[in-house]
Amino acid sequence: MPYTTNDIKAIESKWQKYWEKHRSFRAAAAPNKPKYYVLEMFPYPSGKIHMGHVRNYTIADVIARYKMMQGFNVLHPIGYDAFGQPAENAAIKNKTNPADWTYKCIAQMHDELKKMGFSYDWDRELSTCDAEYYKWNQWIFLKMFERGLAYKKASSVNWCPDCETTLANEEVINGACWRCKTVVVQKDLEQWYLKITQYAPALLDDLQKLEQWPSRVRLMQENWIGKSYGVEIYFKVKDSKETISVFTTRADTIFGATYVVLAPEHPLVKKLVAGTPQAKETLAFIEKTTNKSKSLRMSGDQRKEGVFTGRHAVNPVNNEAIPIYIGDYVLMEYGTGAIMAVPTHDQRDFEFAKEHKLPMRIVIQDPKNPGITVEKMTKAFEEEGILVNSGSFDQTPNVEAKKNIAEWMQDQGFGKMSVHWRLRDWLISRQRYWGTPIPIIYCEACGQVPVPWRQLPVELPKDVEITGEGGSPLARSRGFVECTCPKCNKPARRETDTMATFFDSSWYFLRFCSARNNDEIFDAKDAAYWMPVDQYIGGIEHAILHLLYSRFFTKFFKDLGLITMDEPFVRLLTQGMVLKEGEVMSKSRGNTVDPDEVLSRYGADTLRLFILFAAPPEDQLEWNDSGLEGSWRFLNRVYQMVEKRYSSTVIQAPSSVIRSSTPVILSPKGEESHPDPTLERERNKAIKSVTQSFEEGYKFNTAISHMMVLANAIDKAKTNVDAAIETLVLLLAPFVPHVAEEMWQMMEKTEASIAHAAWPVFDEAALKTAVITMAVQVNGKVRGQIQVAPDTAQDELRKLALADPGVAKYAQDAAIKKFIVVPNKLISIVVA
């Protein structure tokens, strides 16, 4: 069994040192050269890289190297998304400072990434926990504060009792914290928000520009932004001056509304129940519900709970008094915090009505089951149909009735047509230490005061004890909290919340354009040259939050006049997960494969080749040890091919290479004035196919297959193979850069590094075959073959086929009923 030898390690070490010494991948703006910006979503520095990292970054590296060889000026940077709760948890566990822990992990990850041979511009390496970086987070916040986009308000928030911090709705997964899996509860706090809703129309409309994003990602963003056209209907509270506004997109069902449901947080609730027999039960329900996470309340598989308030509302279209309930499945954040319930035509309302024995009325008739009654319904009818029990709108198709009823209600003063958005402002406050301090000072005389620009960054104090208990550790640091008001010079205090880590990752792609610029957030000229990112790569799990926030920041920077583009990422690739035994690799499952172990045995290039060959980038990749062995054998085979052809070897080949049983017989170097036409055709075919594999969806597994076919053709040709070998090495260069560099040096090419050699170009004429062989069938059986030029006319094919002795034996004296030609492949003759 082959194993990685010291020779392979020497090759990889040699070329990694070469690239570092010569700064081979250093990028600089060159206005006269086309640019290409390749970026993978930067990692959280957990220390050791895992196979998910390897796959993501290998895909990006192959694209970057391919574009370099095509003559593009490539920017391919790397950094670390270094703030966040995991570092605090690790610091508590290991009794150390989060900064010490994080920088130790960054150093380890830096070394591991270098071992993979990735073509990063290391001069631009950054970490979001560096004060030089988060200073600009604070600058952005202050710019938003200046324009009214950053504000503080009291609200009920998702609270993780274990992390002791707030969570955005998106960070609550199945009712639990996305980090630690603790059940999330509700808590009232003063929090900082960013007014992303101001950009909702642009965020939605500009999705149309993202033609090179996966359609499912665009749909996920569209649904999250959630633009809805509907009617705000006014339900007057019976025996009261109060009115409940309900937003609905289903005005066609208004005549079927049999009760109203308010969110427990709705401001009218306590007023409505005051002094009623239901007050005690209602208030107890509110307290119980506030301890549930919002995502859990919205979950489709949860039982819908609620209580009657003792009050009624009046349906404006028929003056019917209908009960007002409070329900856990209605949230204040969506619509108006109140819904009209139409249980026959909404499944959630149907389940709630059944649970509470509430009345139901059919107002849309099912065309397939026109006689159905409420008593026989087992679920809500939510499809299209004809209106019934709807006054003058009876017999109207419900799709048509939506608009008609909406206009009628607006004319009657029963409501108004309006647009609502699902998107809510972004909660960025976190009660933890390891994040960017929010640059606000509180003064009793002056109120909220922004930290002056010249005082940035507001740095994290180093004398803070991290215990994981009691809220923000910053609040316990007198040296941090106590300060002087910049306006009146009186004693004041600093904000002790830090920013959500999504803030850090919402603009790092722009910082890479000017990573060492200490005077401004980024140089506008550099950004104008490099941006937008041409190819962005990352997991589908970031399809909503990270990408949406990055788009928001980009539009904000455009409004500041710093950039001119509307969108940050031209093309998006969401790579699949790495599986083993059918499950995602995970330490908890015990099914991980350590990249270090693979590197020590096979080397980086074999691992890269396997990762790229095992599955298309978007698909899940099933780990397969035998596939790794196959990649190793192929790489050794090509190395041996080059080594035998070019005797002036720079370094000994791996001692464990697999020796071919059919050695290549080679002509003297340079004697290729008459290349084998078959091999030349295969060489050009490989160039065309591999190039298309890059340009038409990154089909790397297909590209590698074509290179294997070319290697077989070289073995078969045996002589006049120099051009084909050179092509094979060039095509392999983005995939296996270390071994490709070594083979390129063996071949004594003028370019010092194959990384900057020109990508081969195919000759379309060479792809045409001078002579082809066509099988000839008689009554379904092959009776002969003829050699002809491609696309020979049918009359000529007929003459040649019938002249073949094997065919003539069966067809010469028989009546020919059919003469069928499959162009350039087959002739089929049917005789009587």
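A charge is said to sit over a ring if NZ of Lys or CZ of Arg is within 6 Å of the ring centre and within 35 degrees of the ring normal. The exercises below apply this and related ideas to a predicted model.

**Exercise 1.** Find which ring the charged end of R65 sits over, and which ring the charged end of K195 sits over.

*Solution.* Begin with R65, whose charged end sits over the ring of W19 at 4.7 Å from the ring's centre. Then turn to K195, whose charged end lies over the ring of Y151, 5.6 Å from the centre of that ring.

**Exercise 2.** Describe how the rings of Y120 and W122 are arranged, and decide whether these residues are buried or exposed.

*Solution.* The model holds 50 aromatic pairs. Y120 and W122 form one of them, with 5.4 Å from centre to centre and 90 degrees between the planes. Because planes over 60 degrees apart count as edge-to-face, the pair formed by Y120 and W122 is edge-to-face.

**Exercise 3.** Work out which strands pair with β10 (residues 227-237), and in which sense.

*Solution.* Take strand β18 (residues 415-421) to start with: β10 pairs with β18 in the antiparallel sense over 7 bridges, and E232 has K416 as its bridge partner there. Next, β11 (residues 243-248) pairs with β10 over 6 bridges, again antiparallel, with S245 as the bridge partner of Y234. These two strands, β10 and β11, form a hairpin with 5 residues between them, and D239 in the turn has a positive phi of about 60 degrees. Lastly, β10 and β13 (residues 306-315) are antiparallel over 2 bridges, where K236 stands opposite V314.

Definitions and conventions
Residues numbered from 1 in each chain as written. Predicted model: local features only at pLDDT ≥ 70, side-chain atom pairs only at ≥ 80, totals over all residues. Heavy atoms only, no water. Pairing = 2+ DSSP bridges. Helix = DSSP H or I, 4+ residues; strand = E, 2+ residues; numbered from the N terminus. Phe/Tyr/Trp six-rings, centres within 6.5 Å; stacked < 30°, edge-to-face > 60°.
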